[in-house]
Amino acid sequence: MKLKAALAGLLALTATMASAQDLPDLGGREVVMVTENAYPPLQFIEQGSGDVIGWEYDAMAEIAQRLNMDITYENISWDAMIAAVSQGQFDLGMTGITIREDRKEVVDFSAPYMTSQMMMVVRGDEERFTDAAGFAADEDLLMAAQPGTTPFYVGVYDVLDGNEANPRIIKFETFGAGLEALRVGDVDLVLSDSTAANGYVAASDGGLKIIGDPLGTEQFGFIFPKGSDLVEPINAAIAAMEADGTLEALNQKWFLDYALGQ
């Protein structure tokens with residue numbers, strides 16, 4: 001059994017090395033990546049240290065190493081990010097960006113690096129509603145959302161009445177601000193992708209819970225100016241990281257271990 005395990009490990013290592021050797025070498029190319037740093041655990045500013053950390057930072061560090069690429073990070077608000085990348089102000093953008101057909105008209109997307117479902121997150125003692133229909137039926141209930149994001153549009157069109165100016169949607173500049181509003185009782189619902197939602201709930205010590213059925217499936221990708229020659233090599237790196245278990249290890253680190261450690 002030990003011999004079989006050793007052989008299996010050697011074969012896995014050999015496959016990983018072969019995969020790495022097949023990746024393009026960008027020769028130390030300098031690339032400017034823009035992000036918001038406001039969507040934990042994908043990318044955010046760590047309290048106390050002030051460091052920028054998260055799943056996407058770890059993933060991009062791994063991609064940069066595998067492709068021999070040098071990344072410089074810039075910060076921008078979410079509502080300006082897609083336009084800025086489409087205009088070529090930055091080489092790449094990341095902030096848990098859902099791959100959508102309308103966005104593909106102005107930017108190119110990488111291959112998906114994460115697939116998630118939209119979940120309803122409420123306080124742990126919430127008993128007034130148990131699903132989207134129950135929330136929509138009670139006009140006194142409020143939802144937090146960051147304008148222009150997938151949770152905002154799902155809230156507008158899949159939970160409420162399709163009116164983007166509906167006063168029941170309380171807009172926040174960052175996802176974290178909306179989640180804090182939920183915790184303190186200023187709003188009654190936050191929508192989040194399942195990976196992040198499970199992390200928040202696990203870290204809340206009963207303060208938060210997930211209710212109802214998933215409200216759809218979304219895939220996240222990095223964005224590029226149209227026609228970027230970075231799409232193909234980064235897609236190759238993502239495929240290699242999925243094949244050798246790196247992406248799953250990042251999921252474990254940031255959506256389980258980190259959340260439970262808070």
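Reply: Rings of Phe, Tyr and Trp (its six-membered ring) pair if their centres lie within 6.5 Å; planes under 30 degrees apart count as stacked, over 60 as edge-to-face and the rest as tilted. Keep in mind that this is a predicted model: local features need pLDDT of at least 70, side-chain atom pairs count only at pLDDT 80 or more, and totals for chains, interfaces and linings use all residues. Residues are numbered from 1 along each chain as its sequence is written, and side-chain values use heavy atoms, with hydrogens and water left out.

Me: OK, how many aromatic pairs by this rule?
Reply: Nine aromatic pairs. Take Phe-44 and Trp-254: their ring centres are 6.2 Å apart and their planes sit at 90°, so that pair is edge-to-face.

Me: Where in the chain are Phe-44 and Trp-254?
Reply: In distant parts: Phe-44 is in strand β3 (residues 43–45) and Trp-254 in helix α10 (residues 246–261), 210 residues apart. Helices (H or I, at least four residues) and strands (E, at least two) are DSSP runs, numbered from the N terminus.

Me: And is Trp-254 buried or exposed?
Reply: Trp-254 counts as buried, because its relative accessibility is 5%. Phe-44 counts as buried too, at 9%. Buried means under 20% relative accessible area, exposed over 50%, partly exposed in between (1.4 Å probe, protein chains only).

Me: What about Tyr-113 and Phe-220, how are their rings set?
Reply: Their centres are 6.4 Å apart with the planes at 50°, so the pair is tilted. Tyr-113 is in the loop between β7 (107–109) and β8, while Phe-220 is in strand β13 (residues 217–220), 107 residues away.

Me: Switching topic: how many residues of β11 are buried?
Reply: Five of five, in a strand that spans residues 189–193. Leu-189, Leu-191 and Asp-193 point one way, and Val-190 and Ser-192 the other way.

Me: Which strands join up with β11?
Reply: Strand β8 (residues 114–123) runs antiparallel to β11, with four bridges, and Met-119 stands opposite Ser-192 there. Strand β9 (residues 143–145) pairs with β11 in the parallel sense over two bridges, with Ala-144 opposite Val-190. Two strands pair if DSSP finds at least two bridges between them.

Me: Last one: how much of the chain is buried overall?
Reply: Of its 262 residues, 45% count as buried. The chain has 10 helices and 14 strands.
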